[in-house]
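Trainee: Hi! Could you walk me through this one?
Mentor: Happy to, let's bring it up.
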Amino acid sequence: MECEGCSGKGEIECIDCNGNQTLNCRDCEGNGSVDCSHCNDGHVDCKECHGSGEVDCDNCGGDGNTPCGGCDGSGEVEDE
């Protein structure tokens, strides 16, 4: 029987990134730059996100979807 949780797809939208595949970088808070540790008033590109301000979502690995827990990713459930 088709899983109602995922409509038989075996995957659901990631709850951490809402299917967007990326999250704001924690190191720079999504700004793409951090304060320079060698000067008093400058900024440098964030090393974690390479200046983009975004990183791949850890929960879905940047895919935007995660396996459905209701059917263990198969898309099918046993008829009770």
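Trainee: How does the radius of gyration of the protein chain compare with that of a compact globule of 80 residues?
Mentor: The protein chain has 19 Å, while a compact globule of 80 residues would have a value near 12 Å. Keep in mind that this is a predicted model.
Trainee: Okay, and what box do the C-alpha atoms fill along the principal axes?
Mentor: Roughly 65 × 15 × 15 Å for the protein chain.
Trainee: What about secondary structure, how many helices and strands are there?
Mentor: The protein chain has six strands and zero helices. Read from the N terminus, the order of elements is β-β-β-β-β-β.
Trainee: How much of the chain is buried?
Mentor: Buried residues account for 25% of the 80 residues. As for the surface, the accessible area of the protein chain is about 5900 Å², and carbon and sulfur atoms contribute 37% of that.
Trainee: Switching to contacts: among those with a separation of 6 or more, what share comes from residues 24 or more positions apart?
Mentor: That share is 61% in the protein chain.
Trainee: Let's zoom in on T66. Which strand is T66 in?
Mentor: T66 sits in strand β6, which covers residues 65–67.
Trainee: Is T66 buried or exposed, and why?
Mentor: T66 counts as buried because its relative accessible area is 13%, and the cut-off for buried is under 20%.
Trainee: Which residues is T66 in contact with, leaving aside neighbours within four places in sequence?
Mentor: T66 touches G10, E11, I12 and C14, and also N59 and C60.
Trainee: Great, thanks!

Methods
Residues numbered from 1 in each chain as written. Predicted model: local features only at pLDDT ≥ 70, side-chain atom pairs only at ≥ 80, totals over all residues. Heavy atoms only, no water. Helix = DSSP H or I, 4+ residues; strand = E, 2+ residues; numbered from the N terminus. Rg over C-alpha atoms; globule rule 2.2 N^0.38 Å. Buried < 20%, exposed > 50% of the residue type's maximum accessible area, 1.4 Å probe, protein only. Contact = heavy atoms within 4.5 Å. Areas by Shrake-Rupley, 256 points an atom, 1.4 Å probe, with all protein chains shown as cover.
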